[in-house]
Amino acid sequence: MSVEPMKLFFKEIKEPIETAMIGNYAVAGGVTQTDPDVICAFPITPQTQSVEGLSDVVHQGRLKAAFVNVESELAAISYSTAACAAGARTFTATASQGYLLMSEALPMAVGWRVPLTMMISARAFNAPNLSIWNSWEYVLTDYGWNCMVSENVQETYDAAILSVMISDNSLFPTMFVHDGFIISHSVQKLWLIPDEVVRRLTPKKHRHTITTKHPGVWGGIVTPSFFMEGRKNLDEAKKPVLNIMKKAFEEFGKATGRHYNLIETYNLDNSSRMAFITMGSMCGNIISWMTKNKDIGLIKIRAYRPFPYEELQKIVQEHNIEKLIILEKSDSLNNLLPPFSTSIATALYPLKTLFRCFIVGLGGRDVTRDEFAVAKKKMESVNDMKGQLYTYLGVRETKNKIYEVNR
Amino acid sequence: MLTPEHIKEILNEYTINLRFHARGGQGGVTASNLCVEAFYGYGVCQPKFGAERMGSPTESYVRLSANADLVRSNEQVYGPHFVSVLDESLLSEVDVTAGVPKGGWLIVNTVMDQLTIQEAVKRKDINIATIDATRIALDVLGRNITNTIILGALIRISHLFTLEELSNAIMKRFKGAIAGKNIEAIKQAIEETCIFDIGVDPDFTVDTKVPWQQLDLGLPGYKELDKAGVWYCDEEVIPVGSDQVNTGSWGEWDMIWDAETCTNCAQCWFICPDFAILREKGEDGKYHMIGIDIFHCKSCLNCLNICPVQAISKKLKQGPAACAVPEESGGI
């Protein structure tokens, strides 16, 4: 039994094809074209079809990969990290609770410098209730993985290929994320890249691997005499990564005509000197809304980790942005600001930009023109950095009252 | 009535929005996917579903335009110009016309006439198209899957894509014989759609979203939750147990059990996924089948198929399609 959208990937794609499919199958297709050696993932909503699609291509024969079924996400990440360390181009995928179950091995993929790639269909952690719908769970943890966020189906397909380029060139594992259900299950049109172009962008290169020819100990115990040096070594190795990402975007742009960047901007030279700053599918909502609301701009973060601090500072300064409206799909409970906002706040610290964080869209709640209009209005009367810096926007206070919104 | 030229003009500068209402398992999401796949311009399709059991109401949304920036939005659709309802029992359970502008279109798979539907949805300012898609589905496809058939009605009134464009999308998505049958069913639907035109076209240039519709106002707010994450059974929040939910409100067959033929083998009782076979203990200490719980029966036909003595039979619930459109205007 085959999944129809994957049919396109059963034979060589010789020229760009325009088609339509859901984000999950688009990722499966993109990953197929990068010719992974090992695929090892455990199904979880809303990621399942990406792995299902890959099993299809392996079964049909076009993709000669080892498709490994495991009993849990912990097994999946352990297997994937080991396979990748042994030299295999490896892909895995998860979300939410599965991502949490992987926790024990996620830092190891970073520490051992393995170029693993992982797709996340962003889904909320099960607190306070189980939710299979969208939230930015991935920002709540940070083990050192590279992280790229996509707005739509075209971008998540492209990200499947870009992540391999970034992982291979940086020797750090890369996760590429799209909003669960909103993109993973949404049918949108996209252009597929010819196989030969993908092969050219993602050549299989020689790198450090576990091999009997060069025996060693991976991740063995070290005393306080060595651990810190190991960490500093990682810090140094991370420094070139943003440039590596930039170069990957440039090469990709030349090959496909789609030019991405660490941060992308829209209409920043506007009369209000304000801009939204956010990631993922909300960017599309804002861009459509901005066709009728031209006195505000958008800063779209694509590279979330490493966080492009310098680029953001440059953009804010060059365009004289006075106020930033941060839209974030996660909350902190413990901190002055949730994680995405914290990264932005760190970048803005030396500058005089005012900002507020609006927590929106938790658990798959739609983020619409209502939220954008209210956030913009509230920001207009912000003149300092005093008081609570975040607000939940779009939540019922009582049956008929919306928190902090007068109707 | 809308013309292809007018629609094309609108699509250059605005979006045309669709909403599909169905029940889990009826293919509402596929119907909306096919709209994007068939459409010549830019489109996005969002489903609103997740963990529904078969039969629970689902929605999916489509936004179409020739302007790429306008369909970049991943929002759900709040001001649909065309609403398609795959199961008429949804009309009493879901507000299918929420956000539909004056002159918008409601397409329903039903045998009800349009005046009855106007009463049911309490709107007199929208156009209504009806199609007995269930009958066509049972005739041509052998199953009550009406998602592609309702697209035939959509083509007839909206001109968003042609039969050829839709057929191409169907042939890419479905295999061989099934694709052919679906296309045949769609052709029948195009012919048989009964159109109740009130003489007003929707104004595609106006945003008709009800503000904050996405917030489900009326449900308890955060101040009214006892403890987040904990749900107690009480009148405010969860008033009844699941056995009080009318899961038999849909399903196209009436199930009829013949007491005299029944041998009390209880295979139907075992196989029914909803515990809708009723039984009681007789004086002999053994269980006897006593009937079918129509409050919960969704007419999946498992019991009919497994009964070794054909003691269970089915009868189509719906009668012939009715139409409120005068014959000279194209009514039946």
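**Contacts, domains and chains**

User: Which residues does B:Arg72 touch, leaving out those up to four places away in sequence?
Analyst: Contact means heavy atoms within 4.5 Å. Residues up to four places away in sequence are not counted. On that basis, B:Arg72 touches A:Glu151, A:Glu155, A:Tyr266, A:Gly284, A:Asn285, A:Ile287, A:Ser288 and A:Lys300.

User: What pLDDT do local features need in this predicted model?
Analyst: Residues are numbered from 1 along each chain as its sequence is written, with chains lettered from A and ligands numbered from 1 in the order in which they are written. Side-chain values use heavy atoms, leaving out hydrogens and water, and in this predicted model totals for chains, interfaces and linings use all residues, side-chain atom pairs count only at pLDDT 80 or more, and local features need pLDDT of at least 70.

User: Where in chain B is B:Arg72 found?
Analyst: Helices (H or I, at least four residues) and strands (E, at least two) are DSSP runs, numbered from the N terminus. B:Arg72 is found in the loop between β3 (57-65) and β4 (82-85) of chain B.

User: Which side chain joins that of B:Arg72 in a polar contact of 3.1 Å?
Analyst: A polar contact is a pair of N or O atoms within 3.5 Å; within protein, one must be able to donate a hydrogen and the other to accept it, and residues adjacent in sequence count only if both atoms are side-chain atoms. At 3.1 Å, the partner of B:Arg72 is A:Tyr266.

User: How much area do chain B and chain A bury between them?
Analyst: 45 residues of chain B are in contact with 44 residues of chain A. Buried area is the accessible area (1.4 Å probe) that two parts lose on being put together, summed over both. Carbon and sulfur atoms carry 51% of it here, and the total is about 3,900 Å².

User: Which three residues of chain B lose the most area to chain A?
Analyst: Together they make up 19% of what that side buries. They are B:Arg72, B:Asn74 and B:Trp212.

User: Which element gives the most residues to the side of chain B that touches chain A?
Analyst: The interface of chain B and chain A has 30 residue pairs in polar contact, both at pLDDT 80 or more. On the chain B side, α2 (28-38), β2 (42-48) and α6 (163-173) each supply at least two residues. With 5 residues, the top giver is β2(B).

User: Which residue of β2(B) is the bridge partner of A:Gln188?
Analyst: Two strands pair if DSSP finds at least two bridges between them. Strand β8 (residues 187-192) of chain A and β2(B) run antiparallel, joined by 2 bridges. The partner of A:Gln188 is B:Val44.

User: How far apart are the C-alpha centres of the two domains of chain A?
Analyst: The domain bounds come from an automatic or database domain assignment. Domain 1 covers 4-207 + 214-256, and domain 2 covers 263-392. Their C-alpha centres are separated by 27 Å.

User: Which three residues supply 32% of the area that domain 1 of chain A buries against domain 2?
Analyst: 26 residues of domain 1 of chain A are in contact with 29 of domain 2. About 2,100 Å² is buried between these domains. More than any other three residues, the suppliers on domain 1 are A:Trp136, A:Glu151 and A:Leu242.

User: Which residue forms a salt bridge with A:Arg302?
Analyst: Between domain 1 and domain 2 of chain A there are 5 salt bridges. In the one with A:Arg302, the closest N and O atoms are 2.9 Å apart, and the partner is A:Glu155.

User: How many residues apart are A:Asp37 and A:Lys204?
Analyst: Their side chains meet in a salt bridge (2.9 Å, N to O). A:Asp37 is in the loop between α1 (23-33) and β2 (38-40) of chain A, and A:Lys204 is in the loop between α7 (195-201) and α8 (227-238). The pair links distant parts of the chain, and the separation in residues is 167.

How values were computed:
A salt bridge is a side-chain nitrogen of Lys or Arg within 4 Å of a carboxyl oxygen of Asp or Glu.
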